[in-house]
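Please read the points below with the model open beside them.

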Amino acid sequence: MTGTVDLSTRAVDLRELMDDPDCDPATLDRTFRRFALVNAAVSGWRSVWRTHVVPALPPTGRARVLDLGCGGGDLARSLVRWARSDGFDLEVVGVDPDPRAIAAAERQTTAGVTFRTQSSGDLVAAGERFDVVVSNHVLHHLDDTERGAFLRDSGELAVGRSVHSDIRRSVSAYRLYAIGASFVSAGTFIREDGLRSIRRSFTVPELAAALPAGWRAEPASPHRVLAVRD
């Protein structure tokens with residue numbers, strides 16, 4: 001299934017189609033709409049919410065959470081939904097420097113969730129603070145300099161914990177995604193960009209080596225890797 005694709009090292013020069021500012025807007029819009037389906041199947045965030053986010057929330061049960069690089073906003077909305085189910089009062093702010101992502105996120109209104117076209121650096125400059133800072137599928141998009149700035153900003157913005165989840169690169173992840181994505185990818189960038197994402201992503205040792213002091217890399221299911229800072 002992987003053919004001649006080399007998964008032994010990160011394909012850092014491989015660019016995802018949706019990262020092109022001139023990509024087809026209709027295809028991009030459909031991609032954002034389908035992200036909720038894909039992330040529900042592969043991101044493992046329900047487990048991360050319970051194991052990494054809930055223990056970091058204030059004992060009052062009221063908290064402010066930041067979703068960096070929020071894309072179409074499905075994680076931000078899920079966090080609020082899970083919080084209500086578990087008895088927490090959560091305010092989630094989703095930010096993304098790409099206005100196309102924020103336009104997609106704002107199509108659906110959810111109480112407790114707001115979206116902004118901002119970067120992590122914008123929030124640091126504004127003196128914002130959050131109890132927990134999270135992201136999904138952001139780290140593999142960033143080069144070394146961008147990742148360093150992103151993690152530094154995340155640490156400054158978080159009063160408590162930062163948890164950044166991404167794909168854990170492996171042959172099995174690539175094979176399973178190549179098959180599964182075919183069922184939801186028609187008319188979108190989901191399959192091609194997902195496979196490119198896997199090729200750009202980290203193994204646990206690679207991410208551990210790429211993180212600054214104070215951060216740790218952890219494996220998570222399914223085929224996930226977490227960058228965590230307390």
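Which residue of β3 does valine 95 stand opposite?

1. Valine 95 stands opposite arginine 116 in β3. The model is a predicted one, in which local features need pLDDT of at least 70 and side-chain atom pairs count only at pLDDT 80 or more, while totals for chains, interfaces and linings use all residues. Residues are numbered from 1 along each chain as its sequence is written, and side-chain values use heavy atoms, with hydrogens and water left out.

2. Strands β2 and β3 run parallel and are joined by 4 bridges. Two strands are taken to pair if DSSP finds at least two bridges between them. Strands (E, at least two residues) and helices (H or I, at least four) are DSSP runs numbered from the N terminus.

3. Aspartate 96 sits in the loop between β2 (89-95) and α4 (99-105). Aspartate 96 is buried but has no salt bridge, and the nearest side chain of opposite charge, arginine 100, is 7.9 Å away. A salt bridge is a side-chain nitrogen of Lys or Arg within 4 Å of a carboxyl oxygen of Asp or Glu.

4. What does the side chain of aspartate 96 approach with a polar atom? The backbone nitrogen of glycine 71 lies 3.1 Å from that atom. A polar contact is a pair of N or O atoms within 3.5 Å; within protein, one must be able to donate a hydrogen and the other to accept it, and residues adjacent in sequence count only if both atoms are side-chain atoms. Leaving aside neighbours within four places in sequence, aspartate 96 is in contact with residues including Gly69, Cys70, Gly71, Arg116 and Thr117. Contact means heavy atoms within 4.5 Å.

5. The structure holds 14 salt bridges. In one of them, arginine 62 and aspartate 89 meet through their side chains at 3.3 Å, N to O. Arginine 62 belongs to strand β1 (residues 62-68) and aspartate 89 to strand β2, so this pair ties together parts 27 residues apart in sequence. Arginine 62 counts as exposed at 58% relative accessibility, and aspartate 89 as partly exposed at 43%.

6. Glutamate 128 and arginine 64 also meet in a salt bridge, at 2.9 Å, N to O. This pair links distant parts of the chain, with glutamate 128 in the loop between α5 (120-125) and β4 (130-136) and arginine 64 in strand β1, 64 residues apart. Glutamate 128 is buried, with a relative accessible area of 17%. A network of salt bridges links Arg64, Glu91, Arg116 and Glu128.

7. How many aromatic pairs does a search of the whole structure find? The search finds 2. The rings of phenylalanine 32 and phenylalanine 35 have centres 5.8 Å apart and planes at 80°, so the pair is edge-to-face. Rings of Phe, Tyr and Trp (its six-membered ring) pair if their centres lie within 6.5 Å; planes under 30 degrees apart count as stacked, over 60 as edge-to-face and the rest as tilted. Both phenylalanines lie in helix α1 (residues 25-42), 3 residues apart, about one turn of the helix.

8. The rings of tryptophan 49 and phenylalanine 88 have centres 6.0 Å apart and planes at 90°, so this pair is edge-to-face. Tryptophan 49 lies in helix α2 (residues 45-53) and phenylalanine 88 in the loop between α3 (74-85) and β2, so the pair ties together parts 39 residues apart in sequence. Tryptophan 49 counts as buried at 0% relative accessibility.

9. Some backbone values deserve a look. Most residues other than glycine have a negative phi, and most peptide bonds are trans. The peptide bond from serine 221 to proline 222 is cis, with omega near -10°. Proline 222 is in the loop between β6 (216-220) and β7 (224-229), and histidine 223 lies in the loop between β6 and β7. Phi of histidine 223 is positive, near 55°. Histidine 137, in the loop between β4 and α6 (144-157), has a positive phi of about 60°.

Terms used:
Buried < 20%, exposed > 50% of the residue type's maximum accessible area, 1.4 Å probe, protein only. Lys, Arg positive; Asp, Glu negative; His and termini not counted.
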